[in-house]
Amino acid sequence: MSEPVIEVRDLTIGYDNRVIMQHLDFSVSRGEVFCIMGGSGCGKSTLMKHMIGLFRPMAGDIRLFGESIVSAPEEDKRRLMKRFGVTYQGGALFGSMTVAENVMLPLAEYTDLTESEQREVAEAKLKQVDLAGYGDYMPAELSGGMRKRAGMARALALDPELLFCDEPSAGLDPITSAGLDRLILRMREESGVTIVVVTHDLDSAFTIGEHVIMLDKEAKTIVAEGAPAELRDSSSNIWVREFLSRDGLKH
Amino acid sequence: MEDLVANWAQNTHKRFHRMVEFLGALCREVVCDLRNWRRFRWRDMLYYLALCGQKSVSIVLLICFLMGMVLALQAALQMRKFGTELFVADLVGFSILKELGPLMVAMIATGRAGSAFAAEIGTMKVNEEIAALTTMGVSPVRFLVVPKLFAMLIALPLLTVFGDAAGLLGGLFIGSTWLDLPVQAYWSRTMDVLSPMNLVLGLVKSCVFAVLVTFAGCWRGFESEPDAQGVGRSATDAVVMSILLIVVGDMLLTMFFAMFGY
């Protein structure tokens with residue numbers, strides 16, 4: 001097994017004094033597609049937000065590339081953030097900027113490229129996510145799936161080693177959703193990027209997920225971990241088997 | 001009961017802590033942008049300058065003109081009893097330049113820009129755009145607040161000059177029609193009693209109000225709950241907070257200026 005890119009140790013997360021998940025222990029290996037799964041409202045996205053340093057955990061540690069993002073000073077955190085990209089549920093594109101300008105933003109922030117060079121990189125990234133020619137569009141002019149892909153182009157602008165995707169298939173039709181799954185797999189093939197996907201979409205999980213953790217709202221922790229098909233067929237937890245086989249029987 | 005008080009105290013402490021952090025970040029980013037103007041978001045500032053300034057000119061002119069008229073009418077009713085109608089020019093001039101001009105402009109800016117800032121930032125929070133900025137290592141304060149602050153610092157003093165002129169004209173209109181004072185006499189009296197210092201003090205106030213309106217709008221936006229109702233509430237809270245800060249700030253500045261005889 002290759003070196004871990006993410007190590008989560010005895011993590012407790014929550015809002016104010018309310019614990020959402022506790023005793024979370026897992027690691028993500030370099031180059032794998034790792035899925036965080038569970039029912040609605042169980043804390044999948046919250047866990048991801050802790051992993052990317054947006055929230056501070058109640059206890060425990062999260063290490064990215066061997067460095068703790070929990071205790072890192074702001075400057076080190078910023079350096080760590082440069083090494084990963086994040087795509088959000090709705091794309092989180094800035095409405096006052098064109099699609100290309102959105103992609104150029106991290107380049108302007110972290111590189112010394114001239115504006116024309118930034119534009120070239122942005123166009124290349126948009127082409128990579130099948131949005132060539134859409135650089136001058138405003139985000140409001142794009143469909144939901146296109147906005148997510150544009151968000152992915154922005155997340156890939158700095159060629160990150162790690163990509164976090166929050167519910168990439170949420171709110172999309174099955175065909176667009178399958179297209180995004182193919183795109184994620186292609187990203188992994190082309191650049192070897194490690195990908196962490198938060199999803200409750202079984203089709204996506206079975207298509208792209210190599211390693212899955214299942215979060216349970218009642219148990220407030222990880223109730224199963226492994227390959228999706230393996231968990232569906234032989235997990236000792238009946239809820240996990242039911243969850244994964246609900247419409248996953250066709251796999 | 002004890003739990004309620006403890007929770008309230010804890011929340012207030014956390015909110016105060018966040019507010020101090022926000023103010024600290026704002027000061028830091030303003031200094032950074034002043035040192036390195038290349039990274040300043042000029043295009044955003046021009047957008048907000050149009051929103052807060054250009055689009056507010058007509059309403060500022062109208063309200064300040066009417067305010068000057070009202071002030072002159074009220075003063076005339078009292079001064080007529082003593083045959084001192086000409087002093088209406090003094091009252092209108094001082095009140096508009098030192099007090100009502102900057103105050104009315106700040107109130108209009110609160111309704112127009114303060115609530116818009118809160119709603120914009122609140123909506124960006126709902127859409128996870130603030131989170132996206134943070135994970136890109138871009139300071140949301142620099143990206144979202146600093147251009148608004150500079151736009152307001154340019155727009156409000158300029159609008160105050162327009163508002164002052166409109167208010168004085170409103171007084172002149174009543175003086176020359178209602179009081180039958182010669183236009184020349186009213187205007188000369190106004191120019192005689194007012195000094196450039198009166199205008200400068202009003203402009204200083206408008207700069208302080210610009211900071212307060214921007215702070216209240218943006219702060220409430222960042223504190224917004226991430227849902228539609230939360231954004232609505234933050235816009236309303238921004239207006240209430242702005243008005244409160246403006247009135248308190250006005251009182252403190254007036255007391256401060258009074259200490260030096262102005």
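Chain A has nine helices and ten strands, where helices (H or I, at least four residues) and strands (E, at least two) are DSSP runs numbered from the N terminus. Its radius of gyration is 18 Å, close to the 18 Å that the globule rule gives for 251 residues, so chain A is as compact as a globular protein of that length. The radius of gyration is taken over C-alpha atoms, and the globule rule is 2.2 Å times the number of residues to the power 0.38. This is a predicted model, in which local features need pLDDT of at least 70, side-chain atom pairs count only at pLDDT 80 or more, and totals for chains, interfaces and linings use all residues. Residues are numbered from 1 along each chain as its sequence is written, while chains are lettered from A and ligands numbered from 1 in the order in which they are written.

**The two chains**

- The C-alpha trace of chain A spans about 55 × 45 × 35 Å along its principal axes.
- In chain A, 43% of the 251 residues are buried; a residue is buried if 20 or more other C-beta atoms lie within 10 Å of its own, exposed if 12 or fewer, and partly exposed in between, with C-beta atoms placed from the backbone.
- Chain B has nine helices and zero strands, and its C-alpha atoms fill a box of roughly 65 × 55 × 35 Å, taken along the principal axes.
- Of the 262 residues in chain B, 44% are buried.
- For chain A, 63% of the contacts between residues at least 6 apart in sequence join residues at least 24 apart; two residues are in contact if their C-beta atoms, placed from the backbone, lie within 7 Å.
- For chain B, residues 24 or more positions apart account for 86% of the contacts with a separation of 6 or more.

**The nonpolar core**

- The largest nonpolar core has 144 residues, and those with the most contacts inside it are Ile195(A) and Met152(B). Such a core is a set of buried Ala, Val, Leu, Ile, Met, Phe, Trp, Tyr and Cys residues joined through C-beta atoms within 7 Å.
- Helix H4 (residues 88–126) of chain B supplies the largest share of this core, 19 residues.
- Beyond its neighbours within four places in sequence, Met152(B) is in contact with several residues, including Cys52(B), Ala109(B) and Val213(B).

**Loops of chain A**

- Glu32(A) lies in the loop between strand E2 (18–29) and strand E3 (33–38), and is partly exposed, with 18 other C-beta atoms within 10 Å.
- The C-alpha atoms of Glu32(A) and Ile195(A) are separated by 6.4 Å, although these residues are 163 residues apart along the chain.
- Leaving aside neighbours within four places in sequence, Glu32(A) is in contact with Thr194(A), Glu210(A) and His211(A).

**Positive phi values**

- Most residues other than glycine have a negative phi.
- Phe65(A), which is not a glycine, has a positive phi of about 55°; Phe65(A) sits in the loop between strand E4 (59–64) and strand E5 (67–68) of chain A.
- Phe65(A) counts as partly exposed because it has 17 C-beta neighbours inside 10 Å.
- Ala92(A) also has a positive phi, near 50°, and is found in the loop between strand E6 (84–87) and helix H3 (99–110) of chain A.
- With 26 other C-beta atoms within 10 Å, Ala92(A) is buried.
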